[in-house]
Amino acid sequence: IAQNEAGLVLVDDTGHWGHGVIDNLHTLGQATLGIVFSGKALNPRYKNRRAEMWLEMAEWVIRGGALPNVPELVAELTTPTYTFANGVFQLEEKDLVKARLGRSPDLADALALTFAVPDRPNEVQERIQSVVSQANVVPHEWNPLESNR
């Protein structure tokens, strides 16, 4: 990602494996948000953020969202099953999906990650990005983009 090319970068931070990526992007001044897939959903009708993002993604496809012609992605999107428990949408556990698919559904998770933050009008999004960027930038004297002295 070129600096400032993306307004907000979303990183899978489940298990906090994304911390290094997030820290480096913050150092570069990039607005970044870590998403924990097992974290609490924004909407109580979903078990967790993963279920929430996947169902939002499915609804987008139903409304006419276009998917690339990538066979691996199709397999990843069509493998998981779901249930409802006490009216709450639950996506099949990822370990079970991995076992049936023979690999992790990384492409589908990356696509689902794009549904982690609701769409907003540009002026609202710009204000949010400004606040996030200011909160994420740590002042320092060393610039990693300059050559060593």
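Over the ring of which residue does the charged end of Arg-50 sit? In this predicted model, the charged end of Arg-50 sits over the ring of Trp-54, at 5.9 Å from the ring centre.

**Aromatic pairs**

- One of the pairs joins Trp-60 and Phe-115, whose ring centres are 5.5 Å apart and whose planes stand at 55°, so the pair is classed as tilted.
- Because Trp-60 belongs to helix 2 (residues 49-62), while Phe-115 is in the loop between helix 5 (106-113) and helix 6 (122-136), this pair ties together parts that lie 55 residues apart in sequence.
- Trp-60 has a relative accessibility of 26% and therefore counts as partly exposed, the limits of that class being 20% and 50%.
- Elsewhere, Tyr-46, Tyr-82, Phe-84 and Phe-89 are linked by ring pairs into a cluster.

**Second largest pocket**

- The second largest pocket holds about 250 Å³ of space, and the residues that line this pocket include Trp-54, Met-57, Val-61, Leu-77, Pro-80 and Leu-91.
- Helix 2 and strand 4 (88-91) are the elements that contribute two or more residues to the lining of this pocket, and the largest share, 6 residues, comes from helix 2.
- By class, the lining of the second largest pocket is made up of 12 nonpolar residues, with no polar and no charged ones.

Definitions and conventions: Residues are numbered from 1 along each chain as its sequence is written. This is a predicted model: local features need pLDDT of at least 70, side-chain atom pairs count only at pLDDT 80 or more; totals for chains, interfaces and linings use all residues. Side-chain values use heavy atoms; hydrogens and water are left out. Rings of Phe, Tyr and Trp (its six-membered ring) pair if their centres lie within 6.5 Å; planes under 30 degrees apart count as stacked, over 60 as edge-to-face and the rest as tilted. Helices (H or I, at least four residues) and strands (E, at least two) are DSSP runs, numbered from the N terminus. Buried means under 20% relative accessible area, exposed over 50%, partly exposed in between (1.4 Å probe, protein chains only). A charge sits over a ring if NZ of Lys or CZ of Arg is within 6 Å of the ring centre and within 35 degrees of the ring normal. On a 1 Å grid over the protein atoms alone, a cavity is a set of points where a 1.4 Å probe fits but cannot get out, and a pocket is an open set with protein on both sides within 12 Å along at least five of seven lines; lining residues have an atom within 4 Å of a point. Grid points are joined across faces, edges and corners, and a volume is the space filled by probe spheres set on the points. Ala, Val, Leu, Ile, Met, Phe, Trp, Tyr, Cys and Pro count as nonpolar, Asp, Glu, Lys and Arg as charged, and the others, Gly among them, as polar.
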